[in-house]
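Please consult the sequence and the model below before reading on.

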Amino acid sequence: KTIDDLGDLRGKRVLVRADLNVPLDGTTITDDGRVQAAVPTLRRLVDAGAKVVVAAHLGRPKGAPEDKYSLRPVSTRLAELLGVPVTLAEDTVGDSARAVVASLADGEVALLENIRFDPRETSKDDAERASLAQDLAALADVYVSDGFGVVHRKQASVYDIAQVLPAAVGGLVLTEVEALRRATDDPERPYVVVLGGSKVSDKLGVIANLLTKADRLLIGGGMVFTFLAAQGHSVGKSLLEEDQIDTVKGYLAQAAENGVEIVLPTDIVVADAFAPDSPHDVVPADAIPDGRIGLDIGPASAELFASRITDARTVVWNGPMGVFEFEAFAAGTRAVAQALLDAGANGGFSIVGGGDSAAAVRRLGFDESGFGHISTGGGASLEFLEGKSLPGLAVLDA
Ligand code: 3PG
């Protein structure tokens with residue numbers, strides 16, 4: 001069911017689950033991509049004259065209110081982008097939420113305070129989650145699931161609520177699912193996947209799955225050092241997950257067996273310390289000096305990666321190649337982003353997935369419209385690519 005199937009929404013209270021989990025520096029939003037992505041569905045509901053009630057989380061509070069996890073900065077930004085006032089309730093489903101929702105006129109918007117301030121939201125106990133779903137349902141007539149970034153969570157405002165209220169899938173979730181299916185359902189080949197980010201252990205499932213699906217797997221970012229270690233190289237002070245070395249050896253063997261090309265960097269930018277102004281050099285990937293820390297793939301690797309990306313018909317990129325937040329270590333990430341644009345210009349379909357790579361694209365000043373799709377999902381897009389059934393989608397048959 002989509003929003004169209006919900007009928008005339010004028011005067012109806014519509015509860016929308018959005019993913020407004022943005023990175024904050026104090027109370028300043030450092031990347032508002034997820035707020036921007038939430039706007040089209042909310043605007044559509046406002047224009048339809050609905051009374052819009054938004055539920056969202058921020059960070060991982062421990063089931064009780066914490067100032068630093070308040071949605072206040074998000075509420076301000078949402079109001080600016082939507083161009084209509086957004087009233088932030090002081091609680092999730094309590095007196096303030098009820099009063100704010102009761103005072104909504106048609107076409108007005110309320111945002112509930114961080115839904116994870118309520119311990120029932122993330123509870124493993126079905127009955128606890130169901131009781132929060134009942135409280136949420138009392139605030140609305142229908143439910144729209146539009147927080148793609150949380151559809152992999154079996155949580156009250158994502159999963160349980162869809163069994164209580166008449167429910168529909170929002171436009172953002174539809175767009176995301178359609179784009180990601182181009183990579184999972186019979187992708188056009190060559191199908192190339194670029195993985196980065198800090199930890200191999202976050203990506204185990206997806207790597208295992210891609211070894212049966214992708215034609216090429218390019219590895220960069222912090223996780224590459226566990227691959228280099230698995231090949232017998234020393235990695236200095238670079239990030240290393242020793243407990244994953246055997247797993248990675250298994251991946252390398254399986255890739256060879258399946259005919260999947262694994263592309264690893266041939267050179268690395270190493271620094272003295274994890275700092276923006278640390279002295280740095282380029283060294284061969286198999287000769288990282290003791291005491292130095294790898295913070296980016298090197299220039300030869302950037303060229304190699306680009307050459308293995310630009311002919312892709314389908315390319316998925318998840319995770320930065322280096323510490324792109326520091327200009328000295330941003331070149332690898334920049335080169336991969338550019339190669340995705342080039343693949344797109346050559347007629348391929350490119351997907352940027354994961355909060356960090358999406359943020360990198362925006363921060364490094366790339367034109368977002370050149371990419372086939374920039375996902376708002378981090379874990380959700382990885383689990384989707386892994387071929388897992390995601391609770392928030394399964395409950396809606398999406
Ligand atoms: C994300 O940031 O990937 C989503 O907002 C989900 O957040 P979570 O990993 O804390 O559930």
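Two residues are in contact if their C-beta atoms, placed from the backbone, lie within 7 Å. The model is predicted: local features need pLDDT of at least 70, side-chain atom pairs count only at pLDDT 80 or more, and totals for chains, interfaces and linings use all residues. Residues are numbered from 1 along each chain as its sequence is written. Helices (H or I, at least four residues) and strands (E, at least two) are DSSP runs, numbered from the N terminus.

**Leu 195**

- Leu 195 belongs to strand S9, which covers residues 191–195.
- Not counting residues up to four places away in sequence, Leu 195 touches Lys 203, Leu 217, Ile 219, Met 223, Asn 318 and Gly 319.
- A residue is buried if 20 or more other C-beta atoms lie within 10 Å of its own, exposed if 12 or fewer, and partly exposed in between, with C-beta atoms placed from the backbone.
- Leu 195 is buried because 27 other C-beta atoms lie within 10 Å.
- From C-alpha to C-alpha, Leu 195 and Gly 379 are 13 Å apart in space, and they are 184 residues apart in sequence.

- An unreviewed UniProt entry lists Lys 203, Gly 294, Glu 325, Gly 354, Gly 355, Asp 356 and Ser 357 under "binding site".
- UniProt positions are given in the numbering used here, feature names are shortened, and annotations may be inferred rather than shown by experiment.
- Lys 203 is placed in the loop between S9 and helix H6 (204–210), and it counts as buried because it has 24 C-beta neighbours inside 10 Å.
- Beyond residues up to four places away in sequence, Lys 203 touches Leu 195, Met 223 and Leu 382.
- Ser 357 is in helix H11 (residues 355–363) and is buried, with 30 other C-beta atoms within 10 Å.
- Leaving aside neighbours within four places in sequence, the contacts of Ser 357 are Trp 317, Asn 318, Gly 319, Pro 320 and Val 352.

**Annotated arginines**

- In the unreviewed UniProt entry, "binding site" also covers Arg 34, Arg 116 and Arg 153.
- Arg 34 lies in helix H1 (residues 33–47) and is buried, since 25 other C-beta atoms are within 10 Å.
- Among the residues that Arg 34 touches are Asp 19, Gly 149 and Thr 376.
- Arg 116 occupies the loop between strand S6 (109–111) and helix H4 (126–137), and its 26 C-beta neighbours inside 10 Å make it buried.
- The contacts of Arg 116 include His 57, Arg 60 and Glu 121.
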